[in-house]
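Let's take a friendly walk through this structure together. Have the sequence and the 3D view open as you read.

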Amino acid sequence: MRELPIYLIDGNSSSSEVLAEFLSLRDIKVICFPTADEFLAAGLAGEPGCIIMDMHMTGLGVEEMQEHLISSNVTMPSIFLVSAIGISAVVRIMKRGAHYLMEKPLDMQLLYDQAREALQSQAGRRTQEIQLEATRRRISRLTGRERTILTLALAGKQNKEIADT
């Protein structure tokens, strides 16, 4: 399986470079964007991977970004980097599905661990989606009689009962 990327969204180019280099040295592919708007414009929101985003940025903020992802049915895990944040904002962000919130100054090892965990979770989800789609394709090719038999078997009917239908 190919390595899933981290989409790093940070308007501070110097901190973005440090984070990108740190993760790249640990064999994580990093693609940087200076704003959430530019990330969304690149059309990568539906692609597999993980978002790491600085919470204090100009333009589209974290909560607006989450709303956009939710309304687009995107399930990409997100890690948000914060300097100072109120408890109510933390609760809202976590309820909307943030994978993790990290306070600055960053613990780089913890960031790496959380990024790796998020990517593994995304890879598992992608594998399930691929398997589900393959199952749907196989079921769609069944004849009417085969679908009836499958439905009865899944309902717990005995072979004799299915044969008599």
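A residue counts as exposed when its relative accessible area is over 50%, and as buried when that area is under 20%. Keep in mind that this is a predicted model. By that cut-off Ala163 is exposed, because its relative accessible area is 57%. You will find Ala163 in helix α7, which covers residues 159-163. Its C-alpha atom is separated by 68 Å from that of Asn12, a residue 151 positions away along the chain.

Now turn to the sheet. Five strands make up an open sheet with parallel pairing, and their order is β2-β1-β3-β4-β5. Strands β2 (30-33) and β5 (100-103) stand at the edges; each has a single partner strand, so one side of each is left without a neighbour in the sheet. On average, neighbouring strands are turned by 20° against each other, with direction ignored. If you look at β1 and β2, you will see them pair in the parallel sense over four bridges.

Helix α1 lies across β1, β2, β3 (50-54) and β4 (78-82), and runs at about 170° to β2. Helix α3 (residues 62-71) also packs on the sheet, where it touches β1, β3 and β4, and its direction makes about 155° with that of β3.

Helix α1 (residues 13-24) has another partner as well: its axis comes within 11 Å of the axis of helix α5 (residues 108-140), and the two cross at roughly 65°. The crossing is right-handed. On the α1 side, Val18, Leu19, Phe22 and Leu23 take part, and they meet Met108, Gln109, Leu111 and Tyr112 of α5. Sorted by class, this contact has seven nonpolar residues, one polar residue and no charged ones.

Finally, let's visit the aromatic rings. How many aromatic pairs does a search of the whole structure find? There are two. Tyr7 and Phe39 form a tilted pair, with 5.3 Å from centre to centre and 50° between the planes. This pair links distant parts of the chain, since Tyr7 sits in strand β1 (residues 6-9) and Phe39 in helix α2 (residues 36-41), 32 residues apart. Tyr7 is buried, because its relative accessible area is 3%, and Phe39 counts as buried at 0%. Phe33 and Phe39 form an edge-to-face pair, 5.5 Å centre to centre with 75° between the planes. Phe33 is buried too, like Phe39. Through these ring pairs, Tyr7, Phe33 and Phe39 are linked into a cluster.

Conventions:
Residues are numbered from 1 along each chain as its sequence is written. This is a predicted model: local features need pLDDT of at least 70, side-chain atom pairs count only at pLDDT 80 or more; totals for chains, interfaces and linings use all residues. Side-chain values use heavy atoms; hydrogens and water are left out. Rings of Phe, Tyr and Trp (its six-membered ring) pair if their centres lie within 6.5 Å; planes under 30 degrees apart count as stacked, over 60 as edge-to-face and the rest as tilted. Buried means under 20% relative accessible area, exposed over 50%, partly exposed in between (1.4 Å probe, protein chains only). Axes are lines fitted to C-alpha atoms, for helices over the stretch in contact, and angles run from 0 to 180 degrees between N-to-C directions. A crossing is left-handed if the near helix is turned anticlockwise from the far one by less than a right angle, and right-handed if clockwise. Contact means heavy atoms within 4.5 Å. Ala, Val, Leu, Ile, Met, Phe, Trp, Tyr, Cys and Pro count as nonpolar, Asp, Glu, Lys and Arg as charged, and the others, Gly among them, as polar. Two strands pair if DSSP finds at least two bridges between them.
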